[in-house]
Amino acid sequence: NFGPNTLKLMLALFNRIFTEGSWPITWKKGTIIPISKNEKDKFNPEGLTWLLEKDKYLSKQQCGFRRNKSTIDTLTHINHEVNQTFKNKQIMGLVNLDISKAYDSTWRHNILVKLNQILCKGKILNLITNFLIDRHFKVKANNHYSEEFIQENGVPQGSALSVTLFLIAINDITKSCSPPVKCNLFADDFSYSCRSNNISSIQKFLQTTTDNLTEWANKTGFKFSPTKSNIIIFTKKRNVSELIIILDNTPIPTEESVKILGIFFDRRLTWATHIRYLKTSTSQTLNILKILSHTSWGGDSSTLIKIHKATIQSKIYYGSNLYKTASRSNLNAIDSTNNTGLRLAIGAFRSSPIYSIYNTAGVPIPEIKRNDLSLKYMVRSYICNNLPLPSENSDLYDELGKNGIIMDQSMTREQLSSPAWTSSFDINTELSSFLKQQTTPEIYRRHFQSVLENYRDYQEVYTDASKTQDQVGISIILRNQNVTLKLPNTCSIYTAEAIAILEAIKTTLDDEHPNHIIFSDSLGALNSIKNQFKPGEIATKILNKLNVALRKNKQITLMWVPGHIGIEGNELADKHAKLAVTSSVCKTIFGSTYNDLKRYINDITNTRWLNTWKQQNTKLNRIKSSTFRWINSSLNRKEESVLNRLRIGHTRLTH
């Protein structure tokens with residue numbers, strides 16, 4: 001929000017910092033305010049992260065602070081290994097290591113040595129080196145400041161760059177593990193496991209790996225805490241001897257359950273420990289909700305439902321794709337907390353039917369919601385990381401297939417081939433400055449012709465897309481050439497328009513003419529391509545193809561034109577896109593994005609919840625056939641509670 005002059009001053013300042021490789025001294029002095037450990041907000045700087053991802057420097061096991069990866073990826077891998085252990089009637093030993101003060105004890109020299117291998121020499125390396133040295137800090141607590149200290153080691157807390165530097169420092173920890181030992185890493189949360197039919201073999205491999213990790217820690221400056229680390233044995237066999245793993249001359253304690261990234265794994269994977277933990281951790285929040293939901297002066301239902309979703313459901317549904325295999329009794333235990341929270345939010349009686357509570361609140365029942373989250377995670381895992389889910393989720397694959405979602409027809413994500421700040425493409429959207437409601441087709445055509453005067457040496461390419469309820473088609477017009485293609489019916493019209501642009505670029509790469517201008521009537525697709533720092537799946541592919549065109553000395557311009565204003569090429573593309581929809585000979589190409597499939601899964605979930613609701617026999621079911629929430633506008637809390645009770649059929653008069 002700075003003005004032009006201020007922006008110029010800021011640009012000059014940062015250019016000088018980059019050129020000289022030195023940060024202002026005052027910028028390297030920090031004030032530390034102690035906060036709860038779970039209140040974190042960290043993100044990766046784009047530049048260095050892009051380079052690390054492009055060169056595949058970071059270990060594939062590292063899921064922390066990386067785009068398209070999450071804690072669930074790590075937890076799913078562990079869960080898969082445990083399920084394979086049970087399936088093969090084996091024994092699995094897992095060591096969950098605790099790194100003492102990981103961020104504060106990171107050895108800076110180790111970071112700089114590794115950065116020197118990645119960046120070689122240059123201004124960026126000098127800048128990061130200067131960023132790490134000569135740092136001071138003081139602590140503020142209760143409005144009092146401590147004396148100033150020198151930060152001799154570790155990465156600066158709270159800096160955007162620190163997370164990436166830490167990932168570099170800890171990256172080679174995974175090299176200490178070799179088959180049959182497998183490891184998992186999320187930032188500084190590290191665990192490794194081994195499964196076999198023989199407990200002595202597991203003991204041998206895990207101890208060897210522990211010794212390797214001790215040697216690695218001595219070289220890199222990290223330190224493990226044996227007493228805070230723990231071991232768990234997963235097996236359904238009886239009378240299995242304990243594992244004795246020695247770390248720094250101290251045996252690592254063996255536990256009946258271990259907490260990894262917020263999820264408790266027990267020896268037989270019953271999830272009973274984790275569900276008890278969820279019950280305990282949500283009980284205090286539930287008590288607060290009881291106060292806020294007073295039926296006379298409490299908050300309105302909409303606000304209370306949002307509070308319930310943010311504070312209780314967010315905890316309950318985290319990792320639900322894993323613990324959904326728990327016994328019905330265990331699931332009922334945590335579902336009761338969910339039921340109570342929603343019942344309090346809408347002001348219903350304890351005796352109210354559970355399905356009526358969820359219908360009134362406008363949310364699906366837990367069983368359907370857990371299935372919804374599992375389907376979405378499966379799709380995200382495949383599209384973002386190109387990884388199929390483990391075999392124990394074959395029922396989810398079958399469910400997707402029955403609903404017309406073919407995973408192989410989805411569009412996997414790519415890495416940008418060039419950093420966003422080095423690429424500058426000609427994306428012309430100047431016609432969008434004219435409001436369509438106030439601009440006649442004739443005025444649009446005149447402006448369009450005036451723009452074309454600047455592209456006399458360019459070959460014109462027109463694209464368009466069309467979608468019906470169950471068919472999607474696209475068309476590309478280049479001179480007398482007409483390319484028509486079909487897409488999966490899960491594609492949105494936005495996706496189809498973007499894919500039309502992508503296919504048009506592919507067509508121009510094989511064309512003999514060096515310059516092309518591609519027209520599209522999808523302003524959203526073009527704006528997505530403009531946003532090079534956070535492009536979507538298709539926009540990333542388009543940007544990569546534009547980079548290919550540059551390397552081939554081809555000039556490609558993308559331009560927005562409004563649809564249905566009488567531009568001949570655009571009208572022709574629209575006509576053939578509609579014909580492609582109903583054509584039986586057009587080739588079908590892959591194209592569903594994660595957002596497309598996510599939207600489609602939402603429809604599957606809503607349909608399943610609606611069918612379940614129609615099978616109920618409640619008083620609310622007799623007057624309300626939909627699952628959408630009825631909004632009680634302009635009613636106070638007491639009136640809203642009374643109305644919800646009347647609709648459910650459980651009031652003070654009847655119960």
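Helices and strands are DSSP runs, numbered from the N terminus. The views below show a predicted model.

**View 1. Model confidence along the chain.** The mean pLDDT of the protein chain is 90, and 96% of its residues reach 70 or more. Among the elements of the chain, strand β1 (residues 29-32) has the lowest mean pLDDT, 74, while strand β12 (residues 263-266) has the highest, 98. Over residues 38-44 the pLDDT falls below 50. Beyond near neighbours in sequence, residues 38-44 make 11 contacts in the model.

**View 2. A nonpolar surface patch that includes F14.** F14 belongs to helix α1, which covers residues 4-20. The relative accessible area of F14 is 39%, so this residue is partly exposed. Together with F2, L7, M10, L13 and W27, F14 makes a nonpolar surface patch of about 560 Å².

**View 3. The buried side of the account for helix α5, and the residue D134.** Helix α5 spans residues 123-132. Its buried residues are L125, L127, I128, N130, F131 and L132. Just after α5, D134 takes a positive phi of about 55°.

**View 4. Strand β5 at I150.** I150 is found in strand β5, residues 149-151. With a relative accessible area of 55%, I150 is exposed, because the cut-off for that class is over 50%. In sequence, I150 and H136 are 14 residues apart, but their C-alpha atoms are 4.5 Å apart in space. Neighbours within four places in sequence aside, I150 is in contact with R135, H136 and F137.

**View 5. The loop between α6 and β6.** This loop joins α6 (160-170) to β6 (182-186) and contains S176. S176 has a relative accessible area of 10% and is therefore buried, the cut-off being under 20%. Leaving out residues up to four places away in sequence, S176 touches T209, N212, L213 and W216. P180 has its place in the loop between α6 and β6 as well. The peptide bond from P179 to P180 is cis, with omega near 10°.

View 6. The structure holds 23 salt bridges. Side chains of opposite charge can pair when their charged atoms come close. One of these salt bridges joins the side chains of E215 and K219, at 3.5 Å from N to O. Both residues lie in helix α7 (residues 199-220), and because they are four residues apart they are separated by about one helical turn. An α-helix has 3.6 residues a turn, so residues three or four places apart point the same way. E215 is partly exposed at 45% relative accessibility, whereas K219 is exposed at 56%.

View 7. D372 forms a salt bridge with K376, and the closest N and O atoms are 3.1 Å apart. D372 and K376 are four residues apart in helix α13 (residues 366-385), so about one helical turn separates them. Both D372 and K376 are buried.

View 8. E442 and R446 meet through their side chains in a salt bridge of 2.8 Å, N to O. The two residues lie in helix α15 (residues 441-452), four residues apart, about one turn of the helix. E442 counts as partly exposed at 43% relative accessibility, and R446 counts as exposed at 56%.

View 9. D248 is not a glycine, yet has a positive phi of about 55°. D248 lies in the loop between β9 (246-247) and β10 (250-251), and at 40% relative accessibility D248 counts as partly exposed. For N553, also a residue other than glycine, phi is near 60°. N553 is found in the loop between α18 (537-551) and β18 (555-560). At 64% relative accessibility, N553 counts as exposed.

View 10. An unreviewed UniProt entry annotates residues 455-582 as "domain: RNase H type-1". Over residues 455-582, the chain is 43% helix and 27% strand. The end C-alpha atoms of this stretch are 35 Å apart.

Methods: Residues numbered from 1 in each chain as written. Predicted model: local features only at pLDDT ≥ 70, side-chain atom pairs only at ≥ 80, totals over all residues. Heavy atoms only, no water. Patch = residues over 30% accessible without salt bridge, like charges linked within 9 Å, V, L, I, M, F, W, Y side chains within 5 Å. Areas by Shrake-Rupley, 256 points an atom, 1.4 Å probe, with all protein chains shown as cover. Salt bridge = Lys/Arg side-chain N within 4 Å of Asp/Glu carboxyl O. Buried < 20%, exposed > 50% of the residue type's maximum accessible area, 1.4 Å probe, protein only. UniProt positions renumbered as here; feature names shortened; annotations may be inferred. pLDDT = per-residue confidence, 0-100. Contact = heavy atoms within 4.5 Å.
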